[in-house]
Amino acid sequence: MTANDTPTGKQPTATYDSAFLKACRREPVPHTPVWFMRQAGRSLPEYRKVREGIPMLESCMRPELVTEITLQPVRRHDVDAAIYFSDIVVPLKAIGLDLDIKPGVGPVVAQPIRTRADLARLRDLAPEDVTYVTEAIGMLTRELGATPLIGFAGAPFTLASYLVEGGPSRTYENAKAMMYGDPELWADLLDRLADITAAFLKVQIEAGASAVQLFDSWVGALAPADYRRSVMAASAKVFDAVAGYGVPRIHFGVGTGELLGLMGEAGADVVGVDWRVPLDEAVRRVGPGKALQGNLDPTVLFTDKDTVEARAREVLDAAAGLEGHVFNLGHGVMPNTDPDALTRLVDYVHTHSAR
């Protein structure tokens, strides 16, 4: 049982009736809820101040710091949900892989996963490996009260891409070569990563997260047939593993317009849509029974207030017929975004969508 289950005889928690969770459940809402991917991060001067001199991975392992960073955009922007501050490679670091996040580069793996023997380095993740996550989420849920906390993890394909390539890639040539050339090794790698990812999400949910989002940042590099054949089962395994908790499960990837239906089919309750596909078209691709999240182009925030409002209104209008809609950007907040533009956008969406 979890915070979002409401069986007979049990009272719902403070977050259960939040606009965000209602929208995820495709229930009527008082206004369209808003949160932003990467809302906690480099766009905020207060974030840069508290992170000064602290490496990224270390900052993810300090519960007090994680709590402060996660709360900063909630205080500043009045968003409808917090997103747990972490990084997709945290569970991989927690099981002992030699990796680091290099400024201006991203995650870098000292010894890429290239052979079957390398799979032995991917041991199971246990709750005691990430006690700092449990501690931080406990602190956060006490502070957040009625505001839901979203837990998150990287999806198996995206994690595999980093592990096989050894770092960020534009072509995914090594990962795709394994996927095409050694499909059994590839399937075993993704299956192992699905177990690690599911365990990481379970820790977050059991600590008090009200929803979870699976980020498959790089899966847009695949054709639909390859996604179905080589990736979908691993993502579905993650979603199936946490289905019993009753929390909304969100699935998001970049450049995934051709994959939206399959990503919903993998088990998500909410499908995230980037800015390339209008929401009224996205709902046709995804089909009934799913809420949608998105999808303002993040670069719109670099324009004037009237333009931001006009483009936000287009998103809301496109979402008018959806069963459930969570307003978000089509990708994360960019580092040079004016924080005040985000605050104004939240206020506009709340006001314009008030029922």
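Predicted model: local features only at pLDDT ≥ 70, side-chain atom pairs only at ≥ 80, totals over all residues.
Biologist: How many cavities of 30 Å³ or more does the structure hold?

Modeller: The structure has 1 cavity of 30 Å³ or more.

Biologist: Which residues line the largest cavity?

Modeller: The lining consists of Asp304, Lys305, Val308, Glu309, Ala341, Arg344, Leu345 and Tyr348. Two elements give two or more residues each to that lining: helix 14 (305–318) and helix 15 (339–352).

Biologist: And which helix gives the most to the lining?

Modeller: Helix 15 does, with 4 residues.

Biologist: OK, new topic. Where does Glu165 lie?

Modeller: Glu165 is in helix 7, which covers residues 156–165.

Biologist: Is Glu165 buried or exposed?

Modeller: Glu165 is buried, and it has no salt bridge.

Biologist: What does the side chain of Glu165 reach instead?

Modeller: Two backbone nitrogens. The side chain of Glu165 reaches the one of Asn174 at 2.8 Å and the one of Ala175 at 2.9 Å.

Biologist: Which residues is Glu165 in contact with, leaving aside neighbours within four places in sequence?

Modeller: Glu165 is then in contact with Arg114, Tyr172, Glu173, Asn174 and Ala175. Asn174 and Ala175 on that list are the residues whose backbone nitrogens the Glu165 side chain reaches.

Key. Residues numbered from 1 in each chain as written. Heavy atoms only, no water. Buried < 20%, exposed > 50% of the residue type's maximum accessible area, 1.4 Å probe, protein only. Lys, Arg positive; Asp, Glu negative; His and termini not counted. Salt bridge = Lys/Arg side-chain N within 4 Å of Asp/Glu carboxyl O. Polar contact = N/O pair within 3.5 Å; in protein donor to acceptor, adjacent residues only side chain to side chain. Contact = heavy atoms within 4.5 Å. 1 Å grid on protein atoms, 1.4 Å probe; cavity = no way out; pocket = protein on both sides within 12 Å on 5 of 7 lines; lining within 4 Å. Points joined across faces, edges and corners; volume = space filled by probe spheres on them.
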